[in-house]
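Colleague: I would like to learn how to read pockets and sheets in a model. Please take one feature at a time.

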Amino acid sequence: MEFVEIDFKINQKETGKWLDDDTRQKEPNALKLERGHVSLGVKENNKIVARLVGSISFNSLHIELFAVDSKLRSNGIGGQLLEKTVAIAKAKGLHFITLETMSFNAPKFYQKHGFEIMREVVGTPLENTSYFLMFKAIR
């Protein structure tokens with residue numbers, strides 16, 4: 001047996017095909033559920049000042065990347081972008097949203113917007129920090 005590096009995009013595509021084939025055999029109706037992406041930005045004065053990227057899989061949205069221009073934080077832009085994302089997820093009939101963050105990023109911000117901490121891993125990615133897996137039911 002040999003372990004090899006594989007081009008990410010090719011591996012992602014081929015692994016997805018394998019999983020779809022397996023799902024088709026076990027629970028074919030699951031493949032009819034929404035899958036795709038959400039990619040939003042907030043524009044002010046012809047400049048993107050906040051961004052959000054997420055993946056939709058079955059009945060959930062996973063927020064992969066979320067950022068607000070550091071000069072414009074704490075003025076409501078991030079909250080509005082997050083609420084717009086929740087509205088889109090609800091309109092698509094999704095059941096929940098997940099995301100990952102670190103103690104030095106914004107766990108309290110997400111909690112303020114209805115996300116719960118599902119899991120905290122203390123001491124990672126650095127000794128005096130924590131990793132959080134967060135969840136918000138939207139159905």
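Modeller: Gln12, Arg35, Gly36, His37, Ser55, Ile56, Ser57, Ser60, Leu61 and His62 line the second largest pocket. β1 (35-44), β2 (47-57) and β3 each give two or more residues to this lining. The model is predicted, so local features need pLDDT of at least 70 and side-chain atom pairs pLDDT 80 or more, while totals for chains, interfaces and linings use all residues. Residues are numbered from 1 along each chain as its sequence is written, and side-chain values use heavy atoms, without hydrogens and water.

Colleague: What is a pocket, and what is a lining residue?

Modeller: On a 1 Å grid over the protein atoms alone, a pocket is an open set of points where a 1.4 Å probe fits, with protein on both sides within 12 Å along at least five of seven lines; a lining residue has an atom within 4 Å of a point. Strands (E, at least two residues) and helices (H or I, at least four) are DSSP runs numbered from the N terminus.

Colleague: What volume does the second largest pocket have?

Modeller: A volume is the space filled by probe spheres set on the grid points, which are joined across faces, edges and corners. For the second largest pocket this is about 270 Å³, and for the largest pocket about 580 Å³.

Colleague: Which residues lie nearest the centre of the largest pocket?

Modeller: Phe66, Ala67, Ala106, Phe109 and Tyr110 do, out of 24 lining residues. β3 (60-68), α2 (77-91), β4 (96-102) and α3 (107-112) each supply at least two residues of that lining, and β3 gives the most, with seven.

Colleague: Which sense does each pairing take, parallel or antiparallel, for β3 with β4 and for β4 with β6?

Modeller: β3 and β4 are parallel, over four bridges; Ile63 has Leu99 of β4 as its bridge partner. β4 and β6 are antiparallel, over seven bridges, and Thr98 is partnered by Phe135 of β6.

Colleague: Which hand does the unit of β3, α2 and β4 have?

Modeller: A crossover is right-handed if, with the strands pointing away from the viewer, the path from the first strand over the helix to the second runs clockwise. β3, α2 and β4 make a right-handed β-α-β unit.

Technical notes
Pairing = 2+ DSSP bridges.
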